[in-house]
Amino acid sequence: MSPLTELPAWKALQAHAQSLREVHLRDLFAQDPQRGERLAIEEVGLYLDYSKQRVIAETMKLLIELANQCGLRQKIDAMFRGDRINLTEKRAVLHVALRVPRDAVINVDGKNVVPEVHAVLDKLSAFAERVRRGEWLGYTGKRIRNVVNIGIGGSDLGPVMAYEALRHYSQRDLNFRFVSNVDGTDFAETVIDLEPAETLFIVASKTFTTQETMTNAHTARTWLLQALHDEAAIAKHFVAVSTAAKEVEKFGIDTMNMFEFWDWVGGRYSLDSAIGLSTMIAIGPENFRSLLAGFHALDEHFRTAPFERNLPVIMGLLAVWYSDFFQAETSAVLPYDQYLKRFPAYLQQLTMESNGKTVTMDGARVDYQTSPIYWGEPGTNGQHSFYQLIHQGTKLIPCDFIGFTQTLNSVGVHHDRLMSNLFAQSAALAFGKPIEQVLAEGTPAWLAPHRVFEGNRPSSTILADRLTPETLGKLIALYEQSVFTQGAIWNINPFDQWGVQLGKQLAGKIEPELRSSDESHLQHDSSTNALIRRYRQRRMN
């Protein structure tokens, strides 16, 4: 295949972007009174309004042609077939297999993996129900009332986000907490008011060697034994999500309480695997299966829908449009629902760990931008924080607004007020307030420039009826497959993450040096050496 920037559609998009650069959304809406309805798609219970994006019909035609020239359809088919599309790690990429029905068939190396997936789901369900019903007892015979998930990266961000998003559906007599940071403060504050005899730890680490996770797990082990004084208590208060049976057993966990997943599940795509055990305990197996059903519905839409009506394809192509043809460096995700307060943080790993790459699949340096920086906060909090920059700053920041027509907590006028802000913000970003309008309102000429809103700031709005487990599954899969689409266009591998390794390797060398006084071992750069010396001098003061 030709290099991306040499493809005819890419070159056509470059010229097309120049022709649209000075075109304002006010004019596009004035020219097409039906634009708001025409540039909107409703599929699988999600409504995507992308009419406030700086695109016209020709833009979308060219973007879809770019997708075709990049082989997006073939790449989608390869993933769903179980091909080893993660080339640098020689693995299949099959998080989609985690949410298929029992009778589906997805082969990896000639073996249908679906029966194994459902066997683990059944095992998870049985265990979750025992905890929820109070049948799983701690070492002293007390009921488990606290569940603490110990993980990092995808083993933490997914469970935290899903628990917060689905807290409305959680069993309220159970307390859920999450530890990830190797900073001891994280563990100390998490367990400070917990009763060890009523606490269950879920240790989530594929290899059971992840430094941060195992540091916290061993600290949890010590904390528990200080209270219960018997190694046999470990088996009643710890379970593992792992594939390393020997390491799990060495820790003291009964391998009957080890829940497996597979090397074709990447960490940031693992919420719907055994990594989601804390979520399943919180919301129950039935709701967890509804979550999986939502994932699967969106997957099937992505796999089968024509690109013109394919939600994640449209979103992924728009991300490419702004990153590469408008030099937008960031993208804001703005959920107008407090339950989704951790959704932007979850998407940061999904998007930036996936597509934060500088080389193509064949190792060539890219000569175009890849992943934008994703960030955001729930509305309306963000409006009183960073929206100033989005509205009147010098940066172009495409936005995704996410909202629901029905609230899970009906409190007076709150939901109408919340949603009025969502709709108003997207309109204000798009249309702004020109100088003529500001002056017509009687604003003094000297003050008028400060009150001008240029507008032409692009956004999409995603609406669903209610935030249910099924809807959350659809939203997560929507962004997963949008990330896949972007990676396919950029010809990069969204499923490895070599960039996290170097710092870990250096930390492994530096840590023993912090506890030593041997100057001969300090062979780093002058800055790192000086920092180590200062730490040594002051760490015990």
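How many nonpolar, polar and charged residues does the lining of the second largest pocket have? The model is predicted, so local features need pLDDT of at least 70 and side-chain atom pairs count only at pLDDT 80 or more, while totals for chains, interfaces and linings use all residues. Residues are numbered from 1 along each chain as its sequence is written, and side-chain values use heavy atoms, with hydrogens and water left out.

Let's start with the sheet. Strands (DSSP runs of E, at least two residues) and helices (runs of H or I, at least four) are numbered from the N terminus. Two strands pair if DSSP finds at least two bridges between them. Five strands form an open sheet in the order E6-E5-E7-E8-E9, with parallel pairing. At its edges are E6 (175-179) and E9 (258-259), each of which pairs on one side only. Helix H8 (residues 184-191) packs on this sheet and touches E5 (146-150), E6 and E7 (199-204); contact means heavy atoms within 4.5 Å. The direction of H8 makes about 170° with that of E6. Such angles run from 0 to 180 degrees between N-to-C directions, with axes fitted to C-alpha atoms, for helices over the stretch in contact. Helix H9 (residues 211-228) lies across E5, E6, E7 and E8, at about 160° to E7.

On a 1 Å grid over the protein atoms alone, a pocket is an open set of points with protein on both sides within 12 Å along at least five of seven lines, and a cavity is a set where a 1.4 Å probe fits but cannot get out; lining residues have an atom within 4 Å of a point. Grid points are joined across faces, edges and corners, and a volume is the space filled by probe spheres set on the points. The largest pocket holds about 920 Å³, and Thr210 and Gly267 are among the residues closest to its centre.

Now for the opening question. The second largest pocket, of about 370 Å³, has five nonpolar, seven polar and two charged residues in its lining. Here Ala, Val, Leu, Ile, Met, Phe, Trp, Tyr, Cys and Pro count as nonpolar, Asp, Glu, Lys and Arg as charged, and the others, Gly among them, as polar.

Finally, the largest cavity has a volume of about 190 Å³, and H14 (311-325) gives five residues to its lining.
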